[in-house]
Amino acid sequence: LAAIVTLLIAAACSGDSGEISGLTLAGRGLTMNVSNVQKVDTLTYQDVDNLYYSVGPVEPGYDLVVAKITIWNTRSGRLSIFVDGDAATLEGAEREKAFAIDPYQRRQVLASAPSDLGHYTPLLWGPSDLPQDFNIIGWMVFEVPEDVDIKAFRWEQVDFLTFPISVN
């Protein structure tokens, strides 16, 4: 246990100068942290094409929920993960599920840079190769019915991890 905690602290310090909050769990292949789970009206970002984009709920009666995800590879030589709509779900008190959405497909082009640009970037979506003793940090986006009381974040890529959460 002490070795895992030491590795987590070292990985967190080497990969990102920000504080790690939320809950961290270790699986057989990866260690993961979920934090800053919150409802947002929209998410904005600038893509590699230098255009500005906005992502918001598509369905009436739905909210956009974002979660900051940190994944460490502390055990394997190289860890390959693929983040898509099946990689993670949010689960409600009545076992309702909300799946991750593709922020690159569900976006609208903006005419100019928004004032809240990039608050929830980088985005965590698609394939990633993670060498041993490295981490990746990104935001996942979910569209959730507004009347659902979210209680858990479930990760099902490489490992199966369940995080008890609350949405701010």
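Guide: Partly exposed means a relative accessible area between the buried limit, under 20%, and the exposed limit, over 50%. The model discussed here is predicted.

Visitor: Is D133 buried, exposed or partly exposed?
Guide: D133 sits in the loop between β10 and β11. Its phi is positive, about 70°, although D133 is not a glycine. Its relative accessible area is 43%, so D133 is partly exposed.

Visitor: What is the relative accessibility of V158?
Guide: V158 lies in the loop between β12 (150-157) and β13 (159-164). V158 is not a glycine, yet its phi is positive, near 75°. V158 counts as partly exposed because its relative accessibility is 38%.

Visitor: What is omega for the peptide bond from T121 to P122?
Guide: P122 belongs to the loop between β9 (108-110) and β10 (126-131). The bond from T121 to P122 is cis, with omega near 5°.

Visitor: Which residue of β11 is the bridge partner of I71?
Guide: Strand β5 (residues 62-73) runs antiparallel to β11, and twelve bridges join the two. Strand β11 (residues 134-145) is mostly covered, with nine of its twelve residues buried. In β11, I71 has as its bridge partner I136.

Visitor: Which residues have the most contacts inside the largest nonpolar core?
Guide: In soluble globular proteins, nonpolar side chains tend to be buried together. Here the largest nonpolar core has 29 residues. Strands that each supply at least two residues of this core include β5, β11 and β12. The residues with the most contacts inside the core are I71, M140, F153 and W155.

Visitor: How many residues are in the other core, the one with V40 and V55?
Guide: This core lies apart from the largest one. Among its residues are V40, V55, V66 and L123. Its residue count is twelve.

Visitor: Is Y45 buried or exposed?
Guide: Y45 is found in strand β3 (residues 43-46). Leaving aside neighbours within four places in sequence, Y45 is in contact with residues including L51, Y53, V55, P103 and L117. Its relative accessibility is 3%, under the 20% limit, so Y45 counts as buried.

Visitor: What is the length of the polar contact between the side chains of Y45 and R107?
Guide: Y45 and R107 are 62 residues apart in sequence. In space, C-alpha to C-alpha, Y45 and R107 are 9.8 Å apart. The polar contact joining the side chains of Y45 and R107 is 3.2 Å.

Notes
Residues are numbered from 1 along each chain as its sequence is written. This is a predicted model: local features need pLDDT of at least 70, side-chain atom pairs count only at pLDDT 80 or more; totals for chains, interfaces and linings use all residues. Side-chain values use heavy atoms; hydrogens and water are left out. Buried means under 20% relative accessible area, exposed over 50%, partly exposed in between (1.4 Å probe, protein chains only). Helices (H or I, at least four residues) and strands (E, at least two) are DSSP runs, numbered from the N terminus. Two strands pair if DSSP finds at least two bridges between them. A nonpolar core is a set of buried Ala, Val, Leu, Ile, Met, Phe, Trp, Tyr and Cys residues joined through side-chain atoms within 4.5 Å. Contact means heavy atoms within 4.5 Å. A polar contact is a pair of N or O atoms within 3.5 Å; within protein, one must be able to donate a hydrogen and the other to accept it, and residues adjacent in sequence count only if both atoms are side-chain atoms.
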